[in-house]
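Please study the sequence and the model before reading each solution.

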Amino acid sequence: MNEIAVVTGASRGIGRAAAEALARRGLLVALWGRAEADVARVAAEIEREGGRAVAMACDVSDAGAVERAAHRVLHELGAPRVLVNNAGVVTRALVEDTTELAWDHVIDVNLKGPFLVTRAFVAAMKERARGRIVHVASISATLGTPRLSAYCASKWGVLGLMKALAEELRGTGVQTLAVLPGSVDTDMLKGSGFAAQMTAEDVARTIAWAALDAPDAANGSAIEVFGP
Ligand code: NAP
């Protein structure tokens, strides 16, 4: 039987590295991204390396798009063994300079997105009585950083979602964990003023460990990753 992984925001950065790491572990990976061409390029690269991957267009902040993409996964591939809620965006501005549009966009992608995607898959994963939902949060889920209010609020929110979900999942065979990276060398870090402490591959190894190797008793854990 195929073991399926779904990775959101898999066109580049941490999501791409996580998809590659899970494909190397033998999972058939569904790569979700806003532009199908971008995830298709990554899927082709994974297949060139001997892995199995399917590219799907999906904006995680769009409930209809999430339902359609999830329906495709469930009917064409099956219930995921692993879901990685990775897609994310950032906006940098003081609170007084943050527009409602910018605030809503960050919350919609970083917090509503993981809720919508989790909601679309969790019943099928519970039915299979085996699986892991890994949220890529951030160290910003534990502290406050100036000019990052929307981002910090979204990541503290994701941790709350993960903690509540972990309690709902007890005894079901499905677990959820969060990975909280510090500064990672990706497009998102550009313009932040922070120096990279690790690569996307460092974080991807932690995501793969949380998804496949961490003990079931780690359900509800938030794993901080600060680099070697
Ligand atoms: P990145 O290189 O900017 O990649 C972000 C990914 O999210 C891209 O694949 C992007 O796809 C996708 N995405 C954005 N909006 C989306 C939407 N509405 N629907 C679907 N996909 C969407 O950033 P990254 O550093 O790899 O970030 C990945 C995750 O790690 C994020 O949740 C981020 O908050 C978290 N994180 C990053 C750092 C860091 O220092 N870099 C630290 C802690 C946590 P498109 O091609 O469609 O834009």
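**Exercises with worked solutions**

Among contacts in the protein between residues at least 6 apart in sequence, 70% join residues at least 24 apart; a contact here means heavy atoms within 4.5 Å. The model is a predicted one, in which local features need pLDDT of at least 70 and side-chain atom pairs count only at pLDDT 80 or more, while totals for chains, interfaces and linings use all residues. Residues are numbered from 1 along each chain as its sequence is written, and side-chain values use heavy atoms, with hydrogens and water left out.

**Exercise 1. Overall fold**

Task: State how many helices and strands the protein has, and give their pattern along the sequence.

Solution. Step one is the count: there are 6 helices and 7 strands. Helices (H or I, at least four residues) and strands (E, at least two) are DSSP runs, numbered from the N terminus. Step two is the pattern, which reads β-α-β-α-β-α-β-α-β-α-β-α-β.

**Exercise 2. Overall dimensions**

Task: Compare the radius of gyration of the protein with that of a compact globule.

Solution. The radius is taken over C-alpha atoms, and the globule rule is 2.2 Å times the number of residues to the power 0.38. For 228 residues, the rule gives a value near 17 Å; the protein has 16 Å, which agrees. The C-alpha trace spans about 50 × 40 × 40 Å along its principal axes.

**Exercise 3. Nonpolar cores**

Task: Describe the largest nonpolar core and the surroundings of I207.

Solution. Begin with burial: of the 228 residues, 53% count as buried, where buried means under 20% relative accessible area, exposed over 50%, and partly exposed in between (1.4 Å probe, protein chains only). A nonpolar core is a set of buried Ala, Val, Leu, Ile, Met, Phe, Trp, Tyr and Cys residues joined through side-chain atoms within 4.5 Å. The largest has 38 residues, and L22, V29, L31 and I207 have the most contacts inside it. Leaving aside residues up to four places away in sequence, I207 touches I14, A18, V84, V134, V136 and V179. A second, separate core of 29 residues includes V6, V89, V109 and F121. In soluble globular proteins, nonpolar side chains tend to be buried together.

**Exercise 4. Positive phi angles**

Task: Where are A129 and R147 found, and are they buried or partly exposed?

Solution. A129 is in the loop between α4 (100-128) and β5. Its phi is near 60 degrees, a positive value in a residue other than glycine, and A129 is partly exposed, at 43% relative accessibility. R147 is in the loop between β5 and α5 (149-169). Phi of R147 is near 70 degrees, also positive in a residue other than glycine, and R147 is partly exposed, at 42% relative accessibility.
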